[in-house]
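Please examine the sequence and the three-dimensional structure shown below.

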Amino acid sequence: MTAPAQPVDLFDLVIFGGTGDLAVRKLLPALFHRYVDGQIQDGSRIIGVAREALDEDGYRNQIRSALSGAVISQPAKLDAFLKRVHYCSLDARKDEGWDDFASLLAKQPGHVRVFYLSTSPELFVDICQRLGHCGLNQDKSRVVLEKPIGKDLASANRINDDVGRVFDESQTFRIDHYLGKETVQNLLALRFGNALFEPLWNAGHIDHVQITVAETLGVERRGPYYDTAGALRDMVQNHMLQLLCMVAMEPPASLSPDSVRDEKLKVLHALKPIDGGNASQFTVRGQYRAGAAQGHSVPGYIEDLNADSKVKVEKSNTETFVALKAEIGNWRWSGVPFYLRTGKRLADRVSEIVVAFKPVPHSIFTAAAGPLAQNRLVLRLQPDEGVKLWLTIKHPGPGGLRLRHVPLDMSFAEAFGVQQPDAYERLLLDVVRGNPTLFMRRDEVEAAWRWADPILAAWMASGEAPRPYTAGTWGPSAAVALIERDGRTWDEDDE
Ligand code: BG6
């Protein structure tokens, strides 16, 4: 059983980029699921905004086909949901259409208003200025900014300043969908709802932490964006640093938004710099070449880029894989490496956090008992969300005392008998509720860029191309060497 869902206040949720991939694949299905669960009251409206000249029926049909897989068993619910969906054709850079859009919103002045900017960041400022000029920012308005916020500290500052001229920080929700994942929130419960872990959660007892976000997909149809970003900007500066913060932060005084975010910020500030002096030692970048994924041959990164673009390229210096060793310079974590690894077209789709504890200080067992493995706490974000605690026990039965390493294994799906909600379901309704705990504050985004910028600069200055790796593998061999140099290995096989 899941916790019962509480309905939220009536709202108008405007999705700029309403025909885009994120809106159709993630945001609208998330809203539909919350509607089916009774959290969205009739009267609330979802307004897709895009440049395409579509009428409302045309837009609803697009959404109907995007949702059809999920709703075969509930066609009546889908019809009712689609009645909540509206469409406005608007160009953020042109005057036409804004008056009609303002009149549509004016019909429900009491609703919470959410402006979700699911567009390229270059449009954030234009859209916010228009919203400001049209007087659409009222008391209960909020704006949601999709990542990436800029491509470095300077551009992030410009965006934040410009958006800040229209919306207060308290109205600005910078989304990082990893924070909405059930297992990530469960980290809070696990760390701070149990007396068991916190006394051990420090350099005295933890050997190292690994965070892996591995994807089997390539860049798909997002080549034009991805090639200007790369894995460090796309995944590490945001999702992976947020995961690192949730693992490493001090216990916040409460779950109030600023208590949690203040603690995360301290971690970001304590990250030791990686720059021209040590980037070659602490980071590895890679780029996939043709190979195989799930039994099919797949093209390399350059072919993927060229498949969708009119301008063909012969090479690119963009990384589709990063592995790095981060260190946190504070009392709790001194000397405990955090190994981070993410990439496209890797061997498996898996996101997990592994907390590896130090070995016991002295073994009382003979060599015949077998090796003593480290305790590990594995938080699996996807797929098969759950928690495993690896323990050493005696191999059952006669034959002497032989040791075995086995997991206390809790799969959330098995334990609770339900599919975990998508991260966007939780986060979208948190915006309506006005709860920013799971969103990034401006200073967090800036601190993350302040750490990431020197890495990007060091890579640029070195002029080295990313190391090639075959699609369907775990990335370049240098990523294995990065951790093996320290006498450790990536946690890949559950043993
Ligand atoms: C996005 C990145 O933020 O997260 C994508 O831009 C990536 O490149 C995606 O594929 C991964 O999200 P998830 O939830 O599928 O792990």
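**A guided reading of the model**

Proline 148 is located in the loop that runs between strand S5 (141–145) and helix H6 (153–164); helices (H or I, at least four residues) and strands (E, at least two) are DSSP runs, numbered from the N terminus. The peptide bond leading from lysine 147 to proline 148 is cis, and its omega is near 0°. This is a predicted model, in which local features need pLDDT of at least 70 and side-chain atom pairs count only at pLDDT 80 or more, whereas totals for chains, interfaces and linings use all residues. Residues are numbered from 1 along each chain as its sequence is written, and side-chain values use heavy atoms, with hydrogens and water left out.

A cis peptide bond also joins glutamine 382 to proline 383, with omega near -15°. Proline 383 sits in the loop between strand S14 (376–382) and strand S15 (386–394).

Lys147 and Gln382 both belong to the surroundings of the ligand, together with His177, Tyr178, Lys181, Glu215, Arg222, Asp234, Met235, His239 and Lys344; a residue is near a molecule if one of its heavy atoms lies within 4 Å of it. By class, this shell holds 2 nonpolar, 3 polar and 6 charged residues. Here Ala, Val, Leu, Ile, Met, Phe, Trp, Tyr, Cys and Pro count as nonpolar, Asp, Glu, Lys and Arg as charged, and the others, Gly among them, as polar. Helix H9 (residues 231–248) contributes the most to the shell, with 3 residues.

A polar side-chain atom of glutamate 215 is 2.5 Å from a ligand oxygen atom. For lysine 181, the distance from a polar side-chain atom to an oxygen atom of the ligand is 2.6 Å. The side chain of aspartate 234 likewise places an N or O atom 2.6 Å from an oxygen atom of the ligand. The ligand taken alone exposes 400 Å², of which the protein buries 82%; accessible areas come from the Shrake-Rupley method with a 1.4 Å probe, and for residues only the protein chains shown count as cover.

Two loop residues other than glycine have positive phi values. Glutamate 220, in the loop between S7 and helix H8 (223–229), has phi near 50°. Arginine 345, in the loop between strand S12 (338–343) and strand S13 (350–357), has phi near 55°. Arginine 345 is buried because its relative accessible area is 10%, while glutamate 220 counts as partly exposed at 40% relative accessibility. Buried means under 20% relative accessible area, exposed over 50%, and partly exposed in between (1.4 Å probe, protein chains only).

Definitions and conventions
Polar contact = N/O pair within 3.5 Å; in protein donor to acceptor, adjacent residues only side chain to side chain.
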